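Please keep the sequence and the structure in view while reading.

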Amino acid sequence: MYLNCHTYFSFRYGTFSVEGLFDEARRCGVHKLALTDINNTSGYIEMLRICNQNRAEYNLEIALGIEFRSEGRLLYIGLAENNEGFEELNRYLSHHNTTGKPLLKRVPEFVHAFIIYPFEPASDTITPATLRENEFIGIRPGELTRLATSNLTRYMHKLVALAPVTFRNRTGFNIHRLLRAIDKNTLLSKLDPRDQAGEHEIMLPEKELVELYLRFPELLKNSRRLLTQCSIRFELGTDKNKANFTDSKRNDRELLMSLAMEGFDRRFDRYDHHARSRLFKELDVISSRNFESYFLIAHDIIRFAEHKNFAHVGRGSGANSVAAYCLRITDVDPIELDLYFERFLNPVRTSPPDFDIDFSWKDRDEVTKYIFEKHTPQHTALLGTHSTFKDRSLVRELGKVFGLPKPEIDTIVARPDQNRNRDHITRLIFRYADRMYSIPSHLSIHAGGVLITEKPIYAYTATNLPPKGFPVAHFEMHNAEDMGIYKLDILSQRGLGHIKDAAAFIKTNRGIKVDVNDFESFKKDPKIRNLIRRGKTMGCFYVESPAMRMLLGKLRCDNYITLVAASSIIRPGVARSGMMREYIHRHLNPDRYTSIHPKMDELMAETYGVMVYQEDVIKVAHHFAGLTLSEADILRRGMSGKYRSRKEFQQVKDQFFLNCKKRGYPQEVTDRVWFEIESFSGYSFAKGHSASYAVESYQSLFLKAHYPLEFMVGVINNFGGFYQTEFYFHEARMDGAEIEAPCINHSDHTTTIAGDTIYIGFIHLKSLETRIGKCIPEERSQNGDFKSLDNFIRRIPVSLEQISILIRIGAFRFTGKSKRELLWEAHLYFGKGKNTKYAVDLFNLELPDYRLPPLDHLPYEDAFDELELLQFSLCDPFTLLATSERGDTVAGELTKKTGKKVSITGYLVTIKNTYTKDGKLMHFATFCDRNGDVFDTTHFPPVAKRNPFRGHGFYMLCGKVVEDFGYPMIEVDRMDKMPMVHKEKPNARLRQGVV
């Protein structure tokens with residue numbers, strides 16, 4: 001009888017979790033309800049899963065529908081009679097979402113769906129007399145008195161009881177009101193009653209609901225009849241992906257075999273019987289699980305990318321597959337790395353392996369467009385995800401709706417523990433923040449998941465259309481897997497972009513065509529080994545962060561296998577559990593460590609008995625604890641966090657401990673092994689995934705080792721690196737580059753290189769309009785170099801403000817005139833009111849050169865202009881210090897001063913903030929010394945509190961040098977911000993174009 005139930009997927013309206021709504025139905029003895037979230041279909045798969053899981057304990061059946069609203073106002077509720085009706089509703093909502101057209105006040109005629117209009121419809125044309133056979137009017141409990149005096153009583157057969165369910169109790173109602181105030185961006189006290197639900201939208205036991213409608217029992221009878229006619233049938237977990245890549249399964253199988261064998265001859269010796277046997281085994285499993293289409297679709301994407309010359313990297317658990325390696329989906333040899341086949345596929349696994357295919361951020365959208373065109377938008381969608389209310393952002397939103405001023409909110413957010421119980425309002429804020437934590441806020445887009453279904457995508461979901469123009473499904477990854485729809489991850493990253501761009505720069509600047517795919521020679525390259533060993537990896541994909549540099553240094557890594565392991569143990573789960581330290585210790589001392597159990601050493605001999613990769617969970621669960629492969633895979637998936645709360649995960653966990661007890665393991669051994677499994681927490685990588693990352697790291701390392709300048713320009717132009725752009729220019733200078741400020745006759749929109757000279761691109765100039773930065777090189781290419789300031793102004797449509805930026809950065813230095821002279825000329829030119837629109841200078845004539853008297857050039861003027869416009873200076877930054885104090889050591893001497901107190905001046909590069917177990921703030925930081933070398937520091941909580949960081953710049957650091965596995969750091973006990981030279985301001989009026 002409940003035709004209108006909401007979950008919190010009625011964004012910023014509903015308050016029930018899906019499981020919470022199920023529990024409420026069980027509490028009230030409700031055995032059928034209609035799930036009708038507002039303009040949304042996100043929650044139904046989870047509800048179906050919970051209903052199936054609890055069928056033996058409590059039988060709840062659901063009908064599906066959508067509550068259609070426009071600008072917060074209820075238009076009507078659509079209920080699906082069956083699956084066809086659900087698809088009709090999804091198509092209708094998707095059309096509205098993708099076209100931007102308003103929802104109709106009167107719906108089109110549906111064949112397999114019912115429509116319930118409110119007591120006061122949005123259109124005067126909607127009357128009982130004009131209702132179609134499948135259309136009704138809903139009467140809420142609060143509208144029964146009005147119904148008694150209405151002429152609607154003459155049409156009782158078209159009226160249904162409509163008792164919406166939005167919250168559980170008064171607290172839920174308060175949460176609902178807070179959500180509505182957040183959504184409307186208004187004070188809670190000013191929330192319009194029309195923008196919120198009535199406080200009685202709660203679920204009641206059937207007996208109490210009957211009492212409410214006692215005067216009009218026909219309404220409940222009609223509701224019950226309507227709900228009985230609605231049913232939905234989905235078999236969760238069955239394959240709903242595109243069935244065939246060709247026109248039949250048989251042809252798919254033959255095509256896959258043909259492509260795999262063709263690739264085998266390219267990848268392996270044709271007489272390699274071990275590899276051939278592994279390939280045939282995989283193809284048999286792929287065929288038995290009907291995954292041929294999935295592999296062929298992935299191969300087709302790679303074929304398209306290669307045709308377009310798009311760099312790509314295939315990773316994920318699919319990298320454990322010889323078949324994927326032969327199809328060129330991945331470039332990791334599973335035989336060489338002894339990758340665990342059962343992590344890729346096993347006969348009991350129902351889902352296909354993950355294929356994460358990375359493309360350059362410049363190419364990914366074109367690949368996605370190809371997929372949608374190839375498989376049609378009717379059957380293709382991007383995977384959704386749900387952004388939720390979290391921590392500080394939620395406290396900030398609640399502070400706003402409670403009416404607190406911004407400075408007060410900032411204080412509460414910055415120090416929540418101290419302000420939680422400050423007064424009545426803050427207690428309310430934090431009380432409700434705790435209750436609202438992780439409630440979905442809005443639909444977002446998964447990082448790269450693409451869904452391709454056999455039936456139209458609308459059979460399973462409505463879609464939204466975000467700015468990129470590809471439809472997005474309403475459900476997220478775990479729901480898709482539960483339904484039996486498996487994603488392909490089409491991802492973008494900057495690393496591939498900088499590899500591709502660096503290779504292009506090398507060709508134009510050096511005349512050399514490099515092969516960035518000669519991986520076998522990279523593994524033997526002494527220059528690459530030296531870079532890894534020394535941690536000189538700035539700019540290199542995945543291995544440039546301070547934490548990774550330190551790890552490589554501690555491991556004394558100089559080979560591919562160790563780098564593969566490092567790519568996984570750097571992940572938070574492994575590092576946090578202490579297994580990273582244990583791995584380093586065992587790597588450096590392979591004969592001197594205490595084993596947890598001989599079986600663990602046997603299973604993970606390559607990693608000294610330490611669990612490093614995702615497949616280690618499967619190995620340990622299956623071979624150590626005796627779980628079945630399907631149980632072991634549930635355990636692996638449980639590490640993702642979302643699955644951990646499910647009953648099947650708890651059952652497998654219980655079975656793990658039971659089996660270990662039966663096998664006679666000591667309890668402390670079982671507990672330790674479980675701790676290591678649990679600590680993965682969804683952060684660990686599959687070994688094939690780590691190996692794929694390592695391959696791309698080696699490509700970056702090759703370019704950095706042999707062509708460091710072109711490589712660094714490629715990194716700079718792709719942005720998105722770990723460090724600020726300044727430090728990539730610094731690294732290029734350390735490698736011998738001459739860094740030049742933007743120049744109108746040499747620079748492009750992005751950064752360029754000529755010989756050993758790097759010209760900073762106009763894109764880095766703060767406040768310079770993009771169109772001007774692009775127009776300058778285009779005009780120069782068409783009509784030659786600029787001759788003078790006047791010539792530039794006559795050829796480029798530029799304002800005084802924009803020309804002043806270019807003058808101050810030194811872009812006209814080729815003229816030989818000072819900045820002040822040029823600023824005078826610019827002011828005189830614009831002061832005459834000349835037309836600054838573009839006009840071709842046919843004869844390229846020069847105006848007479850009027851000489852001004854000498855104008856002073858102040859010390860550090862260029863540096864401060866650069867700091868303002870580029871955010872960094874091009875001179876040695878240490879020359880800007882106001883003091884000659886530099887400390888008593890430099891980075892290169894730290895290894896000789898272990899255990900000693902030192903002082904050192906550092907230019908701040910980056911900070912990592914973290915918290916101790918008891919919640920106290922501490923820092924890890926990286927600095928640059930006066931020689932340009934980097935060093936790392938640790939700031940424990942007392943120091944972090946006493947000497948906080950005070951922004952970018954220079955610091956005098958005092959502390960003790962410590963070594964961790966041979967890697968030096970400074971444990972700081974005092975830190976002071978150092979002053980910079982004073983900025984002179986006599987030319988401020990000139991900078992504004994005022995004489």
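**Helix packing, sheets and loops**

Helix 23 (residues 560–569) packs against helix 31 (residues 687–706) at an angle of about 115 degrees, their axes lying 8 Å apart. Axes here are lines fitted to C-alpha atoms, for helices over the stretch in contact, and angles run from 0 to 180 degrees between N-to-C directions. Helices (H or I, at least four residues) and strands (E, at least two) are DSSP runs, numbered from the N terminus. The crossing of helix 23 and helix 31 is right-handed; a crossing is left-handed if the near helix is turned anticlockwise from the far one by less than a right angle, and right-handed if clockwise. Helix 23 contributes Tyr560, Leu563, Val564, Ser567 and Ser568 to the contact, while helix 31 contributes Lys687, Ser690, Ala691, Ala694, Val695, Ser697 and Tyr698. Contact means heavy atoms within 4.5 Å. The residues of this contact of helix 23 with helix 31 comprise 7 nonpolar, 4 polar and 1 charged, where Ala, Val, Leu, Ile, Met, Phe, Trp, Tyr, Cys and Pro count as nonpolar, Asp, Glu, Lys and Arg as charged, and the others, Gly among them, as polar.

The model is predicted: local features need pLDDT of at least 70 and side-chain atom pairs count only at pLDDT 80 or more, whereas totals for chains, interfaces and linings use all residues. Residues are numbered from 1 along each chain as its sequence is written, and side-chain values use heavy atoms, with hydrogens and water left out.

The protein chain has 40 helices and 22 strands. Its C-alpha atoms fill a box of roughly 100 × 80 × 65 Å, taken along the principal axes. How does the radius of gyration of the protein chain stand against that of a compact globule with 995 residues? Such a globule would have a value near 30 Å, and the 33 Å of the protein chain agrees with this. The radius of gyration is taken over C-alpha atoms, and the globule rule is 2.2 Å times the number of residues to the power 0.38.

Two further helix pairs can be read in the manner of the opening one. The axes of helix 10 (residues 292–307) and helix 13 (residues 364–375) come within 11 Å and cross at roughly 130 degrees. Helix 10 is therefore oblique to helix 13, since angles under 35 degrees count as roughly parallel, over 145 as roughly antiparallel, 65 to 115 as roughly perpendicular and the rest as oblique. The crossing of helix 10 and helix 13 is right-handed. Ile297, Asp300, Ile301, Arg303 and Phe304 in helix 10 meet Glu366, Val367, Tyr370, Ile371, Lys374 and His375 in helix 13. By class, this contact of helix 10 with helix 13 holds 6 nonpolar, 1 polar and 4 charged residues.

Helix 5 (residues 170–184) and helix 17 (residues 424–436) pack at about 95 degrees, with their axes 11 Å apart. Helix 5 is therefore roughly perpendicular to helix 17. From helix 5, Thr171, Asn174, Ile175, Leu178, Leu179 and Ile182 meet Tyr432, Arg435 and Met436 of helix 17. The contact of helix 5 with helix 17 divides into 6 nonpolar, 2 polar and 1 charged residues.

Turning to the sheets, 7 strands form an open sheet in the order 1-2-3-4-5-6-7 with mixed pairing; two strands pair if DSSP finds at least two bridges between them. Strand 1 (2–5) and strand 7 (159–161) are the edge strands, each pairing on one side only. Neighbouring strands of this sheet are turned by 35 degrees against each other on average, direction ignored. Within the sheet, strand 2 (residues 32–38) and strand 3 (residues 61–70) run parallel and are joined by 7 bridges. Thr36 stands opposite Gly65 in strand 3. Helix 2 (residues 44–53) lies across strand 2 and strand 3, running at about 160 degrees to strand 3.

Another open sheet, of 3 strands, has the order 15-17-16 and mixed pairing. Its edge strands are strand 15 (738–740) and strand 16 (752–754), each of which pairs on one side only. On average, neighbouring strands of this sheet are turned by 25 degrees against each other, direction ignored. Strand 15 and strand 17 run parallel and are joined by 3 bridges, and Glu740 stands opposite Tyr759 in strand 17. Helix 32 (residues 708–718) packs on the sheet, touching strand 16 and strand 17, and its direction makes about 165 degrees with that of strand 16.

Finally, the loops. Ser767 is found in the loop between strand 17 (757–759) and helix 34 (770–783), and its phi is near 80 degrees, a positive value in a residue other than glycine. Most residues other than glycine have a negative phi. Phe965, in the loop between strand 21 (954–964) and strand 22 (967–977), also has a positive phi, near 55 degrees.
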